[in-house]
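Biologist: Before I use this model, I would like to go through the terms applied to it.
Modeller: Here it is.

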Amino acid sequence: MKRFRAGLGLVALTALAACSTGGLGASDTTYAPGVAPRGQAVDGLVVGQRLMQAGEYELALQAYSRAALDHGMTVDVLSGIGTANLGLGRLGQSERQLRQAVATDQAIPEVWNNLGVVLMERGKLGEAVQIFKKAYALDNGESDSIRDNLRLALAKFENPDYDDELEQEYKLVQRGSGSYVLRRIP
């Protein structure tokens, strides 16, 4: 009987310890913390850029879509959505969004460069060359990636019999924040 009472007391003590804030399992919860009603959300543009750098294009697209709610369809949002679609291989959608972005006066050279990459991937070499020239001029010739893309587009444009096997030797590589370049595969 003594052992039964001691065991019952131990069970009761364990149960009470588990109910307290510092008891069993207080710090090793398997659930994510809840939403902090007074917390500040991170800007969707920042989240989108970080996800793009991590190669998470679908999540970046969602972050840019959320940023559109806060900022509207600014050049940054449009170029982010277009670049995320480029990363996902959705060239038609990417072209539409990047064209909207460059239609504004605030488009930076990287946005023009990304539009050129999309056009080159879609086989619109003449227009891609013109877009790369514009990006190169806006950048004052300071970006190696834009210059490399312009050279590649010119080489493809000047040689209409460009070998399909050679085209397979290139791949799309992200450089910097939202800028893409076509690189030769070693």
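Biologist: What pattern does the chain follow, read along the sequence?
Modeller: This is a predicted model, and its chain follows the pattern α-α-α-α-α-α-α-α-α-β-β. That comes to 9 helices and 2 strands.

Biologist: Why are helix 6 and helix 8 called roughly parallel to each other?
Modeller: The axes of helix 6 (residues 109-121) and helix 8 (residues 144-158) cross at roughly 30°. Angles under 35 degrees count as roughly parallel, so helix 6 and helix 8 are described that way. Their axes come within 11 Å, and the crossing is left-handed.

Biologist: Which residues in helix 6 and helix 8 meet?
Modeller: Pro109, Asn113, Val117 and Met120 in helix 6 meet Ser145, Ile146, Asn149, Leu152, Ala153 and Lys156 in helix 8. The residues of this contact divide into 6 nonpolar, 3 polar and 1 charged.

Biologist: What makes the buried residues of helix 2 line one face of the helix?
Modeller: In helix 2 (residues 44-53), the buried residues are Gly44, Leu45, Gly48, Leu51 and Met52. Seen down the axis of helix 2, they fall within an arc of 125°, so they line one face. Arg50 and Gln53 are exposed on the other side of helix 2.

Biologist: Which residue follows helix 2, and what is its phi?
Modeller: Gly55 follows helix 2, and its phi is positive, near 80°.

Biologist: What share of the 186 residues in the chain is buried?
Modeller: Buried residues make up 33% of them, the cut-off being under 20% relative accessible area.

Note on methods
Residues numbered from 1 in each chain as written. Predicted model: local features only at pLDDT ≥ 70, side-chain atom pairs only at ≥ 80, totals over all residues. Heavy atoms only, no water. Buried < 20%, exposed > 50% of the residue type's maximum accessible area, 1.4 Å probe, protein only. Helix = DSSP H or I, 4+ residues; strand = E, 2+ residues; numbered from the N terminus. Arc of directions from axis to C-beta. Axes fitted to C-alpha atoms, helices over the stretch in contact; angles between N-to-C directions. Parallel < 35°, antiparallel > 145°, perpendicular 65-115°, else oblique. Left-handed = near helix turned anticlockwise from the far one by under 90°. Contact = heavy atoms within 4.5 Å. Nonpolar A, V, L, I, M, F, W, Y, C, P; charged D, E, K, R; others polar.
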